[in-house]
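I opened a new page for this chain. My notes follow in the order in which I looked things up.

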Amino acid sequence: MTDPQAPEPGRRTYLDGVRAAAPIGVAAFAFGVSFGVLARAAGMGRVAPVVMSVTTFAGSAQFAVASILGAGGGLVTAIVAAVLLNLRYGPIGLSAAGAFEGPWWRRVLTAQMIVDESWAVAQRHDGRIDRHLLIGAGLLLLVCWTAGTAVGAFAGDLVADPESLGLDAAFPALFLALLWSQVRERSRLLAALGGAAIALALMPFTGPGVPIVAASLACLVGTRRPA
């Protein structure tokens, strides 16, 4: 994807997004391997997990689908769980909509680059999204995630057990690191704490995904208010 306009002085570029997301890409690749192994063990074959990673590009939803199918659950149940987990991208997409430019197809391709990590990397100090950082980071993560899935699906027997690598603790640590850089302002810190409180309060009473969506909406409202 090319940008018809030359970068302005001090303006971030796609390469800046790639560089910013490079450390996260290593974790995305490792988790992609884990997903490929899990999806193949769940009976999804080798090609389908790779296609799913390219088109869906949502780790939590994909793990949910593979886990449910592997446990003998139905396809409808797996799809509903994935949709609920991805509902958070509604408020996330609204917060990033101002950064989209050009015809509809370019907006659709840009929207495909939005995942939790690229959205966090693309945050600007004024609360808006930097489109170049978003696309650069999203492209790198998509490549790493899909490549990892392919390795897990086609050569999973040759790699170590992903669970033995401690990956279950890697992504929570990663998200905490991303959050730390976003809560330097009082309004954002209050929004994050409010969202966490809402999610914890709703977890015992609602289905999967609902606490995340409610917390995301609260954070969206909080970050839109002046500090």
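I began with burial: buried residues make up 40% of the 227 residues in the chain. Buried means under 20% relative accessible area, exposed means over 50%, and partly exposed lies in between, with a 1.4 Å probe and protein chains only. I noted that this is a predicted model, where local features need pLDDT of at least 70, side-chain atom pairs count only at pLDDT 80 or more, and totals for chains, interfaces and linings use all residues. Residues are numbered from 1 along each chain as its sequence is written, and side-chain values use heavy atoms, with hydrogens and water left out.

**Overall layout.** I looked up the accessible surface of the chain, which comes to about 12300 Å². Carbon and sulfur atoms hold 69% of that surface. Accessible areas come from the Shrake-Rupley method with a 1.4 Å probe, and for residues only the protein chains shown count as cover. Next I listed the elements and found eleven helices and zero strands. Helices (H or I, at least four residues) and strands (E, at least two) are DSSP runs, numbered from the N terminus. I then checked contacts, meaning heavy atoms within 4.5 Å. Among those between residues at least 6 apart in sequence, 72% join residues at least 24 apart.

**The core.** I turned to the largest nonpolar core, which has 35 residues. Such a core is a set of buried Ala, Val, Leu, Ile, Met, Phe, Trp, Tyr and Cys residues joined through side-chain atoms within 4.5 Å. Phe 35, Phe 57, Ile 114, Ile 129, Leu 134, Leu 141 and Trp 145 touch the most other members. The elements giving two or more residues to this core are helices H1 (14–41), H3 (59–70), H4 (75–86), H5 (89–96) and H8 (131–155). Which helix gives the most? H8 does, with seven residues.

I followed up Ile 114. Leaving aside its neighbours within four places in sequence, Ile 114 is in contact with Tyr 89, Ile 92, Ala 96, Phe 100, Trp 119 and Leu 134.

**Aromatic rings.** I searched the whole structure and found four aromatic pairs. Rings of Phe, Tyr and Trp (its six-membered ring) pair if their centres lie within 6.5 Å; planes under 30 degrees apart count as stacked, over 60 as edge-to-face and the rest as tilted. The rings of Phe 35 and Phe 63 have centres 5.7 Å apart and planes at 75°, so I logged the pair as edge-to-face. Phe 35 is in helix H1 and Phe 63 in helix H3, 28 residues apart. Both Phe 35 and Phe 63 are buried.

The rings of Phe 35 and Trp 145 also have centres 5.7 Å apart, but their planes are at 25°, so this pair is stacked. Phe 35 lies in H1 and Trp 145 in H8, so the pair ties together parts 110 residues apart in sequence. Phe 35 has a relative accessible area of 0%, and Trp 145 has 7%. Ring pairs link Phe 31, Phe 35, Phe 63 and Trp 145 into a cluster.

**Partly exposed spots.** Ala 22 sits in helix H1. Is Ala 22 buried or partly exposed? Ala 22 counts as partly exposed because its relative accessibility is 37%.

Val 83 is in helix H4. At 47% relative accessibility, Val 83 is partly exposed as well.
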